[in-house]
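Subject: Structure handover

Hello,

Here is the structure for your files. My notes follow below it.

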Amino acid sequence: MAGHGGRTVRDLRRESRTAVLQRLYFDGPMSRLALGSAAGLSSGSVSTVVAELIADGLVEEAGSLGADGGRPRTLVRVAADRGRLIGVDVGETRVRVELFDLAMSELARAERALTGHGSRSYDVRVVAGHILDGVAEVLEAPGAGSGELLGVGVGVPGIVEHTADGTLVHGQTIGWDAVPLEALLRDAGRLPAHVPLFIDNGAKTLGQAEMWFGGGRGAHNAVVVLFGSGVGACVVTDDVEHGRAVEWGHLTVRVRGRRCRCGARGCLEAYAGAEALVARWREAGGQPPPGADEEAALTALLSAARPGDGGTPDPVAAGVLAETAEYLGAGLSDLINLFQPERVVVGGWAGLQLGAPFLESVRAHALAHALRHPAGRVGIALGRLGPDAVTVGAATLPLAAFFARGGRRPPVASPGPAPAWRTALGGRLAGQRGGG
């Protein structure tokens, strides 16, 4: 039966359930009266929808709110233990897997290190194995809960292409060329077929997490920057609900400049990523601790540039850090001029480790390079979600799909013939390793 604008009654019911779940999730607990106003539903409709959701176990009562001269109003909220979500961060130093309940409270985590840039660390089969091992580990961990697994979200470096045959990842800086990561994870047979799997760019998942729960919440237009081993960004505008990943790190900031990991010269990432920052310090005479990984080397650089005991800053480390702030600020000014955001939120493990003093210098350079009008309207701040923001954002991918379905289970697709390219998967993957 067709409804408004060609939508069926089923469509309208799903949209009503979606509206109620979203409002309760972000603003609850709420009374039915407040919920109807917030979701744009009549009192009769909201009562019917809430009753359905309670019967499905998705919503529960959460006490009452006193009313002046009237009956107390019962509050309702999303039942946090009704479902579980997994977020995966395929970073450039580790694979991190986290299990959350519906309230995004962490239930369990697992990590697998990726060591030795330019070696087998980015072999896609190794990375896929780390993901699957981590998923199994968190689901079996003490305290993992028993709610239904609503999906697995994976944040990856590089450009993500969603095709009819599955998701492909184009990760040029890590040596991935049209890697069929979804097929690798599915074909291993270790993920239940009914569990939804989502793969997207890591900067985009970071952006979604900060927009939903962190420094971007409430903004209509924002840019969320991922500053880790490399740099990336997610642009959120009124016409793009969940943001758009942009390969900001490969914007050219110096013609014929330093060689970037992508193979080009003069990319922002060749100057502003943590890997490049540490390399430039070493080239200038700095001495990271022998055998230190990237995070430890960046810690040593910061200690040299900003000694906490009142000592004299090392001029080499301080100079490299100052130059990095200038490059990063100039890169931010391009984003400000292009997209004119209300906010710029800087996240990622390196951005958070460099901290507020570094951000002050970046902000000064960004505003000095940007056009006056957009510069006068933008706020620039650190992200609020910490180094786990990519996994949180990855877990919101199945959560958003859960909302869009009105909290109903996804349809189980009947198995069809495997795409022809899967028969040649082994040969295609033979060269998909390395990257530095």
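Contact here means heavy atoms within 4.5 Å. Axes are lines fitted to C-alpha atoms, for helices over the stretch in contact, and angles run from 0 to 180 degrees between N-to-C directions. Helices (H or I, at least four residues) and strands (E, at least two) are DSSP runs numbered from the N terminus.

The model is predicted: local features need pLDDT of at least 70, side-chain atom pairs count only at pLDDT 80 or more, and totals for chains, interfaces and linings use all residues. Residues are numbered from 1 along each chain as its sequence is written, and side-chain values use heavy atoms, with hydrogens and water left out.

The sheet comes first. It is open, with five strands in the order S6-S5-S4-S7-S11 and mixed pairing. Strands pair if DSSP finds at least two bridges between them. S6 (106–113) and S11 (197–201) are the edge strands, each with a single partner, so one side of each has no neighbour in the sheet. Neighbouring strands are turned by 15° against each other on average, direction ignored. S4 (residues 83–90) and S7 (residues 148–156) pair in the parallel sense over six bridges. Arg84 has Leu149 in S7 as its bridge partner.

Now the helix. H6 lies across S7 and S11, at about 100° to S11. Eleven of the twelve residues of H6 are buried (under 20% relative accessible area, 1.4 Å probe, protein chains only). Among them are Lys204, Glu210 and Trp212. Asn201 caps the N-terminal end of H6, with a side-chain oxygen 2.8 Å from the backbone nitrogen of Ala203.

Best regards

Notes: Buried means under 20% relative accessible area, exposed over 50%, partly exposed in between (1.4 Å probe, protein chains only). A polar contact is a pair of N or O atoms within 3.5 Å; within protein, one must be able to donate a hydrogen and the other to accept it, and residues adjacent in sequence count only if both atoms are side-chain atoms.
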